[in-house]
Amino acid sequence: MKQDNLSQPLVTEDRVLIVDDSPENLRVLGSILSERYRVNVANSGRRALEILNEYKDFDVIILDIVMPEMDGVELCKSIKVKDEFREVPVIFISGLSDIDDKKSAFEVGGVDYIVKPFEKEEVIMRVETHLRIRRLQKELISKNRELEANYKRLKELEQLKDNLTNMIVHDLRSPLTGIISMFEILKMECESSENRNMMEYIKSGYLAANSLLDMINSLLDIARLEEGKLPLNVGIHNASQIVYSAISFVSMNTKNTKGNEVVPDIKADVRVICDADLIRRVLINLITNSIKHSNSKSPIKVVVQSLNSFAMFSVIDDGIGIPKEYHDKIFEKFGQVEIRGKNKKYSTGLGLTFCKLVVEAHNGTIGVESEVGKGSKFYFTIPSSS
Ligand code: ADP
């Protein structure tokens, strides 16, 4: 046992260092505190620094302010520059009238002071208070580290999962394109067949395989957009041209059994700075959704207007509408309105996620205004060139 190590039966494992040039003070404080804690004592600043070098696990340091050579304030400054002791509470020992000393003690990082002559109960209470704070602080630091480690691990696992999903999704594409080609051949071969059932089966299979391919392509696009790996081919384009091109694509490729007319309403033919192909795909998604969710054959409006240095596109329908609680959720991956339950065939909940990511990649915003039974207005903005 070292000479400056006071050993007694301990109440806690906490370690306290007392630094004072007065042997009497060291004796009194030492005997009060060593009943509860592991106590080390030092009779000078130099000796204190040696002990701190040896034991790195101090929980409280008690310093006399007035000492020859290196006083308590100086010693405190040297302790606080060391990373391992920065958070260790320092309590000063001071006389009743040493107001200035107390002030400088707090300025260099002291948290409290004990006034001479020592009152046993007060000394224990003050030390215990700071030890409790110190324990809570240590617990917090360790919990934080644990959380950080868990978060890092979670991120790694998430990345691993994403890589695996992308790989699977990517690898599904080739065999699926093969299946679609086979269906196309079958369709041609059976076009003249009398067997109507067979033709229906082939059409259904063809439709299902194409929906799966759409889903795979959307998942891959979304993954690339999320990772910032879908390069934007940005140029300056007329907003109206993008709108007309999207409408004509929809009229040629989308099932529109109710016969909704899609009507452009170009309030200002803004020139937009964007990847025209991606923005066209956003519009196609929004228009197709409006057709899918329309109630009647009432027209679907595609509006373009100028808004400061942005162009705003809106797709407006008077279809079934969307309950308020879903207005954010539908833009999330696989987010769908759940209460209807009908017509969910081949619906992925990925279209609006794709739209949101594309619009945000253009520094724009996307949103919806909608009321159940009255219809929806999906709108987005992208930068315009003046
Ligand atoms: P999907 O259409 O494949 O389900 P989306 O991400 O495009 O995926 O749409 C998510 C959900 O938002 C849809 O399932 C639908 O419930 C709702 N939704 C989208 N557009 C409209 C609209 N114009 N009218 C009503 N509901 C819509």
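At the start of H3, which backbone nitrogen does a side-chain oxygen of aspartate 71 reach? It is the backbone nitrogen of valine 73, and the oxygen comes to within 3.2 Å of it, a polar contact being a pair of N or O atoms within 3.5 Å where, within protein, one must be able to donate a hydrogen and the other to accept it, and where residues adjacent in sequence count only if both atoms are side-chain atoms.

Before I go on, please keep in mind that this is a predicted model, in which local features need pLDDT of at least 70 and side-chain atom pairs count only at pLDDT 80 or more, while totals for chains, interfaces and linings use all residues. Residues are numbered from 1 along each chain as its sequence is written, and side-chain values use heavy atoms, with hydrogens and water left out.

Staying with helix H3, residues 72-80, where helices are DSSP runs of H or I with at least four residues and strands are runs of E with at least two, numbered from the N terminus, we find Gly72, Val73, Leu75, Cys76, Ile79 and Lys80 buried, that is, under 20% relative accessible area with a 1.4 Å probe and protein chains only. They lie on the same side of H3 because they cover an arc of only 160 degrees around the axis, taken from the directions from the helix axis to the C-beta atoms.

Turning to the ligand, a nitrogen atom of it is 3.0 Å from an N or O atom in the side chain of aspartate 317, and an oxygen atom of the ligand is 2.8 Å from a polar backbone atom of leucine 352.

How values were computed: Buried < 20%, exposed > 50% of the residue type's maximum accessible area, 1.4 Å probe, protein only.
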